[in-house]
Structure formats: structure tokens, C-alpha cells
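Please look through the sequence and the model below before reading on.

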Amino acid sequence: MDQKGLAFHETMELHEMVNFKTICMLKSKLMQGVCFDSDLKAMMEKDAQQSIHQMNELLELYKGARTF
């Protein structure tokens, strides 16, 4: 990323990726409540944790986002 920050279209794409990862994490967390298989439940927990980590990385990019 250069010193000028993200372009407007990059900011929009970043926003879409954060929204997608949020939905992925929420779905994994919610489905754990109705899942009875321990292996599948563990896999969904791992997916949720990875989604949280990835969202945090994406949110760091917002520092370079252009909003005006």
C-alpha cells in the first residue's frame, strides 16, 4: 500500500470483504448451537476464530481508507 492510502474502489472492496468475513463468522458461531457432532462443532469454532483473525487484519487496512 502506498503512502496515499486506499483508492475509493479499494475501500469499497475492503468493506465488502469485512462484511463477508463477518457473515462467515456469525454463521459458524450460530451453527455451533444446533450442531451435535463434536468434530463438526470444533471445525466451525476453528473457522470462526480464523474469520475473527482475518477480520482484524482487514480492519487494519481501514487506516488507509479514503472516506471523503
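Buried means a relative accessible area under 20%, exposed means over 50%, and partly exposed lies in between, with a 1.4 Å probe and protein chains only. By that rule G33 is exposed, because its relative accessible area is 65%. This is a predicted model, in which local features need pLDDT of at least 70 and side-chain atom pairs count only at pLDDT 80 or more, while totals for chains, interfaces and linings use all residues. Residues are numbered from 1 along each chain as its sequence is written, and side-chain values use heavy atoms, with hydrogens and water left out.

G33 is found in the loop between α1 and α2, where helices (H or I, at least four residues) and strands (E, at least two) are DSSP runs numbered from the N terminus. Between G33 and M17 there are 16 residues of separation in sequence and 25 Å in space, taken from C-alpha to C-alpha. In the segment before α1 lies L6, which counts as buried because its relative accessible area is 11%. From L6 to M44 the separation is 38 residues in sequence and 32 Å in space, again C-alpha to C-alpha.

How far apart should the ends of helix α2 be, and how far apart are they? The expected span of a helix is 1.5 Å times one less than its number of residues, so the 24 residues of α2 (residues 38–61) should span 34 Å, and this agrees with the 35 Å between its end C-alpha atoms. The buried residues of this helix α2 are M44, A48, S51, M55 and L58. An α-helix has 3.6 residues a turn, so residues three or four places apart point the same way. What covers the buried residues of α2 includes α1 (8–32), where covering rests on contact, meaning heavy atoms within 4.5 Å.

K21 has its place in helix α1, and, leaving aside residues up to four places away in sequence, K21 touches S51, Q54, M55 and L58. Although K21 is buried, it has no salt bridge, and the nearest side chain of opposite charge, D47, is 5.4 Å away. Here Lys and Arg count as positive and Asp and Glu as negative, with His and the chain ends not counted, and a salt bridge is a side-chain nitrogen of Lys or Arg within 4 Å of a carboxyl oxygen of Asp or Glu.

How many salt bridges does a search of the whole structure find? The search finds 2. In one of them the side chains of E45 and K29 meet at 3.2 Å, N to O, and this pair links distant parts of the chain, with E45 in helix α2 and K29 in helix α1, 16 residues apart. E45 is partly exposed because its relative accessible area is 25%, and K29 also counts as partly exposed, at 35% relative accessibility. K63 and E60 likewise meet in a salt bridge through their side chains, at 2.9 Å, N to O; K63 counts as exposed at 68% relative accessibility, whereas E60, at 47%, counts as partly exposed.

The search of the whole structure finds 0 disulfides, a disulfide being a pair of cysteine sulfur atoms within 2.5 Å. C35 counts as buried because its relative accessibility is 8%.
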